[in-house]
Amino acid sequence: MTVYSYGTTGDANDRLSRISCIGDGTDAHATYQYLGTGTIVTEDYGDPNETNRPKVRLDYTGTDHSYSGFDRFGRIADQLWRDYGNSQDADRFQYGYDRVGNRTWKENTVSSGTVDLDELYDYDDLYQLIAADRGQLTGHPSTPAISSPDFEQDWTLDGLGNWSAFDDDGDSQTRDHNAANE
C-alpha cells in the first residue's frame with residue numbers, strides 16, 4: 001500500500017498540501033524538500049542502506065545551499081542526481097535557454113564519451129519547436145552544435161502551427177488539414 005505523507009499537522013507541507021514523503025506505511029521510499037511554496041529542491045529515494053531501492057538523490061541546492069541548480073530566472077540549469085554509494089554523479093543534465101526561455105540545449109555530462117545523449121533544439125520565429133537533434137554537444141554555451149547526430153527530428157509547421165511535414169531521421173511524413181483545422 002502506498003502512503004502519501006503531507007508532514008506534521010500544521011507544518012508548511014501540511015498547510016500547503018504538498019507531499020513531503022511517499023512510502024509504504026513503514027518505510028519512506030521518497031522524501032521531498034522545497035524552496036518556497038512548490039519548487040522541489042531535493043528528492044531523496046530512501047535509505048541508502050536499503051537493498052531494494054535506488055540509492056540516489058536529486059539535488060538542486062549545490063554544496064553551499066546556493067540553489068546553483070537553477071539559473072537567475074528559476075529555470076533548471078543543472079539537474080544533478082547524486083549516488084550515495086559512489087563519489088561520482090549518478091546522472092547529470094545541464095541546460096541552456098534562449099532570451100525568451102525556450103530550452104535550446106541539454107547536455108548529459110555523465111554519458112559524455114560513452115553514449116552521446118546531448119540534445120540541441122531549434123525554434124521558428126513564433127518560438128515553436130521545429131528541430132531536435134541528439135549526439136555530442138560542442139561549442140556551448142555560446143554557439144552550441146551537435147557533432148555526428150545519431151537522432152534528428154524536424155517539423156515543418158503551417159500558419160496555424162500544425163505539422164505539414166515531419167522528418168524522423170530521414171523517414172518523412174506529410175499531413176493535410178481541412179478548413180476546420182482537422
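The questions and answers below go residue by residue.

Modeller: This is a predicted model, where local features need pLDDT of at least 70, side-chain atom pairs count only at pLDDT 80 or more, and totals for chains, interfaces and linings use all residues. Residues are numbered from 1 along each chain as its sequence is written, and side-chain values use heavy atoms, without hydrogens and water.

Biologist: Is T104 buried or exposed?

Modeller: T104 sits in strand β8 (residues 103-108); strands are DSSP runs of E, at least two residues, numbered from the N terminus. Buried means under 20% relative accessible area, exposed over 50%, partly exposed in between (1.4 Å probe, protein chains only). T104 has a relative accessible area of 15%, so T104 is buried.

Biologist: Which residues does T138 contact, leaving aside its neighbours within four places in sequence?

Modeller: T138 belongs to strand β10 (residues 129-138). T138 is partly exposed, at 31% relative accessible area. Contact means heavy atoms within 4.5 Å. With those neighbours left aside, the partners of T138 are T143, P144, A145 and S147.

Biologist: How far apart are the C-alpha atoms of T138 and D118?

Modeller: Along the chain, T138 and D118 are 20 residues apart. Their C-alpha atoms are separated by 9.4 Å.

Biologist: Where does D169 lie, and what is its relative accessibility?

Modeller: D169 is in the loop between β12 (163-168) and β13 (171-174). D169 counts as partly exposed, because its relative accessibility is 44%.

Note on methods. Helices (H or I, at least four residues) and strands (E, at least two) are DSSP runs, numbered from the N terminus.
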